[in-house]
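Hi,

Here is the structure I said I would pass on.

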Amino acid sequence: MAITVDQVRQIARLPKSTVLPDINVLNYVNAADVVFAEIPTEYSATWDIAKQDLIKLYLAAHFAVISEEYGGLAQQVVGESEERYQSQSTDLGLASTRFGKTAMLLDNSGKLSSLAAKPIKAQFRVYTNGESICTLSEY
């Protein structure tokens with residue numbers, strides 16, 4: 001049985017579809033499926049469907065919380081154009097939310113924990129008139 005958008009909304013306490021469209025939540029479900037596929041089948045094949053779905057549910061909730069609570073725009077000033085984004089340390093990966101931690105705990109293969117331990121690389125550049133005026137990097 002596949003996990004549903006409503007299950008993710010409920011566990012992550014996400015806003016109703018009028019605020020957060022179902023398609024966004026479905027993207028988190030799809031991302032969870034992709035990450036779950038990284039778990040070696042020698043482990044995941046021995047788990048019943050309920051455990052597989054539970055891990056996927058917690059992964060989807062993790063992605064939802066990261067995107068909706070930690071990754072959004074926190075402040076925007078129009079005059080002189082200034083934007084500030086909410087952020088959280090990206091080096092924690094799945095360990096940055098209670099949902100990611102739960103998914104790692106349920107995965108006795110250790111694959112999710114190893115994915116969480118890898119640093120995430122990101123770079124953000126601001127351009128004005130085709131010229132880079134600011135670069136933020138995290139490695």
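Predicted model: local features only at pLDDT ≥ 70, side-chain atom pairs only at ≥ 80, totals over all residues.

A word on burial before anything else: I call a residue buried under 20% relative accessible area, exposed over 50% and partly exposed in between, with a 1.4 Å probe and protein chains only.

Residues are numbered from 1 along each chain as its sequence is written, and side-chain values use heavy atoms, with hydrogens and water left out.

**Overall layout**

The protein chain has six helices and four strands, taken as DSSP runs (H or I of at least four residues for helices, E of at least two for strands) and numbered from the N terminus. Along the sequence, the order is α-α-α-α-β-β-α-α-β-β. For contacts I use heavy atoms within 4.5 Å. Among contacts between residues at least 6 apart in sequence, 53% join residues at least 24 apart. The accessible surface of the protein chain is about 9000 Å², and carbon and sulfur atoms account for 53% of it; the areas come from the Shrake-Rupley method with a 1.4 Å probe, and for residues only the protein chains shown count as cover.

**Helix α1 and what follows it**

Helix α1 covers residues 5-12, and its buried residues are Val-5, Val-8, Arg-9 and Ala-12. These cover an arc of only 100° around the axis, so they sit on the same side of α1; the arc is that of the directions from the helix axis to the C-beta atoms. Asp-6 and Gln-10, on the other side of α1, are exposed.

Just after α1 comes Arg-13, with a positive phi of about 55°, although Arg-13 is not a glycine. Arg-13 belongs to the loop between α1 and α2 (22-36), and is exposed at a relative accessible area of 72%.

Val-25 is in helix α2 and is buried, its relative accessible area being 0%. Beyond its neighbours within four places in sequence, Val-25 is in contact with Val-5, Val-8, Arg-9, Leu-14 and Leu-20.

**Aromatic rings**

Two aromatic pairs turn up in the structure. For these, rings of Phe, Tyr and Trp (its six-membered ring) pair if their centres lie within 6.5 Å, and planes under 30 degrees apart are stacked, over 60 edge-to-face and the rest tilted. Tyr-58 and Phe-99 have ring centres 6.2 Å apart and planes at 35°, so the pair is tilted. Because Tyr-58 lies in helix α4 (residues 49-70) and Phe-99 in helix α5 (residues 98-106), the pair ties together parts that are 41 residues apart in sequence. Both Tyr-58 and Phe-99 are buried.

There is also a charge over a ring (NZ of Lys or CZ of Arg within 6 Å of the ring centre and within 35 degrees of the ring normal). The charged end of Lys-56 sits over the ring of Phe-36, 4.9 Å from its centre.

In α5, Phe-99 is buried together with Gly-100, Ala-103 and Met-104. Viewed down the axis of α5, the buried residues fall within an arc of 140°, so they line one face of the helix. Arg-98 and Leu-105 are exposed on the other side of α5.

For polar contacts I take pairs of N or O atoms within 3.5 Å; within protein, one must be able to donate a hydrogen and the other to accept it, and residues adjacent in sequence count only if both atoms are side-chain atoms. Ser-96 is in the loop between β2 (82-85) and α5, and counts as buried at 12% relative accessibility. Its side chain reaches the backbone oxygen of Gly-93 at 2.7 Å.

Ser-109 is in the loop between α5 and α6 (111-117). The side chains of Ser-109 and Asp-107 are joined by a polar contact of 2.5 Å, and a polar atom of the Ser-109 side chain lies 3.2 Å from the backbone nitrogen of Lys-111.

Best wishes
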